[in-house]
Amino acid sequence: QLQLVESGGGLVQPGGSLRLSCAASGFTLDYYAIGWFRQAPGKEREGVSCISSSDGSTNYADSVKGRFTISRDNAKNTVYLQMNSLKPEDTAIYYCAADSYCSGPMDYWGKGTLVTVSS
């Protein structure tokens, strides 16, 4: 059974950091592009970042550039999202998803992890 499981969410003060993990089971992440998405209360889901399978190239939403870093550890079958200088507007449920390409519709989704940025 193909599964993605997110972890690492929690409550953090503004300016703080969190590292989210996206662990895969039932398939090898090496062959997939992995994207991070988020959905804040009352808002539509938005793409945050993506890392390709072919050359490891990355992209980021303008709102997180310079603060978030996506990376992958194929040996651990895990993709990470390092989030620094967190702002209250980063509060959302964060999801990871997998597809052949970052531009794809994302065939596989995790259930999400909640990030709350508040003092």
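Is C50 buried or exposed, and what is its relative accessible area? C50 is buried, at a relative accessible area of 4%, where buried means under 20% relative accessible area, exposed over 50% and partly exposed in between, using a 1.4 Å probe and protein chains only. The close-ups below start from the cysteines and move on to the cores and rings.

The model shown here is predicted, so local features need pLDDT of at least 70 and side-chain atom pairs count only at pLDDT 80 or more, while totals for chains, interfaces and linings use all residues. Residues are numbered from 1 along each chain as its sequence is written, and side-chain values use heavy atoms, with hydrogens and water left out.

**View 1. The disulfide between C22 and C96.** A disulfide is a pair of cysteine sulfur atoms within 2.5 Å, and by this rule there are two disulfides. In the link shown here, the sulfur atoms of C22 and C96 are 2.1 Å apart. The angle about the S-S bond is 75°, and the link of C22 and C96 is right-handed. C22 belongs to strand β3 (residues 18–25) and C96 to strand β9 (residues 92–99), so this pair ties together parts that are 74 residues apart in sequence. Strands (E, at least two residues) and helices (H or I, at least four) are DSSP runs, numbered from the N terminus. C22 is buried at 0% relative accessibility, and C96 is buried at 0% too.

**View 2. The disulfide between C50 and C102.** Here the S to S distance is 2.0 Å. The link of C50 and C102 is left-handed, with -95° about the S-S bond. C50 sits in strand β5 (residues 46–51) and C102 in the loop between β9 and β10 (108–109), so the pair ties together parts that are 52 residues apart in sequence. Take a look at the two ends: C50 is buried at 4%, whereas C102 is partly exposed at 25% relative accessibility. With bonded cysteines counted along the chain, the disulfides of the protein follow the pattern 1-3, 2-4.

**View 3. Two loop residues with positive phi.** N77 is not a glycine, yet it has a positive phi of about 55°. You will find N77 in the loop between β7 (68–73) and β8 (78–83), and it counts as buried at 15% relative accessibility. M106, also not a glycine, has a positive phi of about 70°. M106 lies in the loop between β9 and β10 and is buried, with a relative accessible area of 6%.

**View 4. The largest nonpolar core and a second one.** A nonpolar core is a set of buried Ala, Val, Leu, Ile, Met, Phe, Trp, Tyr and Cys residues joined through side-chain atoms within 4.5 Å. The largest has 28 residues, of which I34, W36, L81, M83 and Y94 touch the most other members. Two or more residues each come from β3, β4 (33–39), β5, β7, β8, β9 and β11 (113–117). A second, separate core has five residues, among them A33, F37, C50 and A97. In soluble globular proteins, nonpolar side chains tend to be buried together.

**View 5. The surroundings of M83.** Contact means heavy atoms within 4.5 Å. Leaving aside neighbours within four places in sequence, M83 is in contact with G16, S17, L18, L20, R67, F68, Y94 and V115. Both M83 and Y94 are among the residues that touch the most other members of the largest nonpolar core.

View 6. Rings of Phe, Tyr and Trp (its six-membered ring) pair if their centres lie within 6.5 Å; planes under 30 degrees apart count as stacked, over 60 as edge-to-face and the rest as tilted. The structure holds four aromatic pairs. The rings of F27 and Y32 have centres 5.1 Å apart and planes at 75°, so they are edge-to-face. For F27 and Y108, the centres are 5.6 Å apart and the planes at 35°, so this pair is tilted. The F27–Y108 pair links distant parts of the chain, with F27 in the loop between β3 and β4 and Y108 in strand β10, 81 residues apart. F27 is buried at 10% relative accessibility and Y32 is buried at 19%, whereas Y108 is partly exposed at 27%. Together, F27, Y32 and Y108 form one aromatic cluster.

**View 7. An arginine over a ring.** A charge sits over a ring if NZ of Lys or CZ of Arg is within 6 Å of the ring centre and within 35 degrees of the ring normal. R19 lies over the face of Y80, at 4.1 Å from the ring centre.
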